[in-house]
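Welcome, and take a moment to turn the model around before reading on. We will start with the whole chain and then visit a few places within it.

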Amino acid sequence: MTASDTHGAIDAVWRIESPRLIAGLARITRDVGIAEELAQDALVAALEQWPESGVPDNPGAWLMGTAKHRAIDLFRRNERLQRKHEELGRDLETQQGIGVPELDAVVDDDEIQDDLLRLVFTACHPVLSTEARVALTLRVLGGLTTDEIARAFLVPEPTVAQRIVRAKRTLAEARVPFEVPRGDDLAARLSSVLEVIYLIFNEGYAATAGDDWMRPALCEDALRLGRILAELVPKEPEVHGLVALMEVQASRSRARIGPGGEPVLLLEQNRARWDHMLIGRGLAALQRSESLGGALGPYALQAAIAACHARARTADETDWARIAALYDALVELVPSPVVELNRAVAVAMAYGPAAGLEIVDALTSEPSLKHYHLLPSAHADLLAKLGRTEEARAEFERAASLTRNLRERKLLLARAADLRD
């Protein structure tokens with residue numbers, strides 16, 4: 001194996017093993033920042049040694065063992081550590097003396113699943129800002145570098161680095177326990193985790209800014225995190241609902257982009273290009289969510305809407321009346337101007353553009369939608385269908401001026417230009 005092949009293998013191993021490695025180390029050290037530093041030290045050691053020695057049979061166990069050695073050294077060097085840490089260091093040293101098969105068993109033990117779940121809840125703790133939660137989650141659970149995160153979100157690398165450093169410092173200063181929340185606290189904390197994962201997915205599915213309509217790598221990262229979470233908490237219906245939603249939406253990725261990178265809207269997509277394996281996985285996840293009982297939550301309801309599109313062989317076969325009814329339920333559950341706007345579109349498709357326009361007109365004075373480009377875009381579409389061409393053109397142009405995505409701006413301006421003909 002060449003040095004290049006070895007480095008490629010190390011990169012692949014790191015993407016797979018780093019979340020479990022950091023999770024296990026965080027349980028030991030009770031500090032996500034220290035855990036990530038130890039994991040990075042182990043990665044550096046792998047980069048130095050594996051090109052010469054080759055990739056170990058169990059690279060995860062090798063990385064964990066190396067990181068634990070680093071932890072022992074750290075505990076010994078730090079004169080300010082309390083007696084508890086000294087005892088912890090001796091316990092770790094004892095672990096290093098066990099044979100490789102036993103170490104492998106430690107790495108593969110069910111406890112690693114608990115460690116991962118603790119890390120998920122810690123990285124997404126509400127004490128952190130939304131931006132910090134997203135950056136830290138991608139770093140410690142997604143295995144992304146600060147450069148990769150910065151490029152994905154079109155922000156300077158130092159900004160991302162600062163967010164991650166501050167997030168780890170905040171967790172340490174707030175003494176956030178490395179644990180899975182229990183009782184009444186679980187639902188609120190789980191909601192924060194799901195929000196972070198879906199924010200990552202949405203930024204990949206419809207980029208808010210930049211030259212690209214989509215950033216598929218972010219969708220893949222979010223899907224991987226969602227699938228991991230579904231394995232860790234299999235009895236939480238909203239987790240399966242979120243996974244279902246992301247699987248079905250991701251199934252359209254290839255059809256959402258034209259040959260020149262231009263956006264292709266849902267009703268104009270070639271459905272033969274949809275990924276039917278992902279659709280199948282999404283529908284199965286939705287069924288799991290529904291089988292757990294109780295009323296559908298926000299993510300499961302959105303997944304049910306996405307499933308309506310997935311089941312329609314053509315755009316004309318879409319069950320818009322059911323979609324409108326699902327949006328009725330969603331807006332009752334989570335009242336939001338954005339959800340109401342989506343409901344307006346569904347109502348227009350099911351019962352005519354005039355019915356949808358009535359809802360949209362009521363939203364035009366909503367302060368929170370003042371700079372939301374999809375409001376004038378939807379308004380324009382309905383006006384155009386009703387023959388109010390000049391008003392529609394002005395609204396498409398206003399929508400174009402509000403979006404920060406270059407591809408979307410071009411699409412909106414093209415639709416405005418079409419109305420001049």
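How many helices and how many strands does the protein have? There are 20 helices and two strands. Keep in mind as you look that this is a predicted model. Its pLDDT averages 88, and 90% of the residues score at least 70.

Let us begin with the overall picture. The C-alpha trace spans about 80 × 45 × 40 Å along the principal axes of the protein. The protein has 421 residues, and 47% of them count as buried. If you consider contacts between residues at least 6 apart in sequence, 63% of these join residues at least 24 apart.

Leaving aside residues up to four places away in sequence, isoleucine 22 touches Ala35, Glu36, Ala39, Leu119 and Val140. Glycine 143 is another residue to look for: it sits 121 residues from isoleucine 22 along the chain, yet the C-alpha atoms of the two are separated by 9.9 Å.

Next, follow the chain to helix 18, at residues 374-385. This helix has twelve residues and reaches 17 Å from its first C-alpha to its last, close to the 16 Å expected at 1.5 Å a residue. Several of its residues are buried, including Pro376, His379, Ala380 and Leu383. An α-helix has 3.6 residues a turn, so residues three or four places apart point the same way. Which helices do the buried residues of helix 18 pack against? Their partners are helix 16 (337-351), helix 17 (353-363), helix 19 (389-402) and helix 20 (406-418). Just after helix 18 you will come to glycine 387, which takes a positive phi of about 80°.

One stretch calls for some care. Over residues 98-109 the pLDDT stays under 50, and the model has twelve contacts for this stretch beyond four places in sequence. Where pLDDT is low, the predicted coordinates should not be read in detail.

Technical notes
Residues numbered from 1 in each chain as written. Predicted model: local features only at pLDDT ≥ 70, side-chain atom pairs only at ≥ 80, totals over all residues. Heavy atoms only, no water. Helix = DSSP H or I, 4+ residues; strand = E, 2+ residues; numbered from the N terminus. Buried < 20%, exposed > 50% of the residue type's maximum accessible area, 1.4 Å probe, protein only. Contact = heavy atoms within 4.5 Å. Expected span 1.5 Å × (residues − 1). pLDDT = per-residue confidence, 0-100.
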